Amino acid sequence: ADTTLALYGSALGLTAAEVRVLGLLNGGLGPKQIASRLGVALSTVRTQLQSIRSKTGSKGLRDLLSRVAQLPPVADLLTPWAQYGKPKPESDGDAR
């Protein structure tokens, strides 16, 4: 999930702080809890959430979380061989 959110955030221009806030929100924390966890003011989290909504085109927090819930699990897509228990293919540098 962290990889998925990081790539989603990167694609939409979210800052690292915004991705952290989005991850905590997606984990079930509310703005006050996020502010406490990150050691920042509630107003900072609210500003970051507004920025996230703006960058993602979300109408509100429910819409934002609905969009995040629909994201595919990127880690599985990046390592398809892992699901089969096979080692990652290696190149010997030979072009044949």
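Helices (H or I, at least four residues) and strands (E, at least two) are DSSP runs, numbered from the N terminus. By that rule, Gln33 sits in helix α3 (residues 31-38). The model is predicted, so local features need pLDDT of at least 70 and side-chain atom pairs count only at pLDDT 80 or more, while totals for chains, interfaces and linings use all residues. Residues are numbered from 1 along each chain as its sequence is written, and side-chain values use heavy atoms, with hydrogens and water left out.

**Helix α1**

- Gly13 follows α1 and has a positive phi, near 80°.

**Packing of α1 and α2**

- The axes of α1 (residues 2-12) and α2 (residues 16-26) come within 10 Å and cross at roughly 135°; axes are lines fitted to C-alpha atoms, for helices over the stretch in contact, and angles run from 0 to 180 degrees between N-to-C directions.
- That angle makes α1 oblique to α2, given that angles under 35 degrees count as roughly parallel, over 145 as roughly antiparallel, 65 to 115 as roughly perpendicular and the rest as oblique.
- Leu5, Ala6, Tyr8 and Gly9 of α1 meet Val19, Leu22, Gly23 and Asn26 of α2, where contact means heavy atoms within 4.5 Å.
- By class, this contact of α1 with α2 has five nonpolar, three polar and no charged residues (Ala, Val, Leu, Ile, Met, Phe, Trp, Tyr, Cys and Pro count as nonpolar, Asp, Glu, Lys and Arg as charged, and the others, Gly among them, as polar).

**Packing of α2 and α4**

- The axes of α2 and α4 (residues 42-56) come within 10 Å and cross at roughly 95°, and α2 and α4 are therefore roughly perpendicular to each other.
- From α2, the contact is made by Ala17, Glu18, Val21, Leu22 and Leu25; from α4, by Val45, Gln48, Leu49, Ser51, Ile52 and Lys55.
- By class, the contact of α2 with α4 has seven nonpolar, two polar and two charged residues.

**Gln33**

- Gln33 has a relative accessible area of 45% and is therefore partly exposed, the class between buried and exposed.
- The C-alpha atoms of Gln33 and Val45 are separated by 9.8 Å, with the two residues 12 apart along the chain.

Key: Buried means under 20% relative accessible area, exposed over 50%, partly exposed in between (1.4 Å probe, protein chains only).
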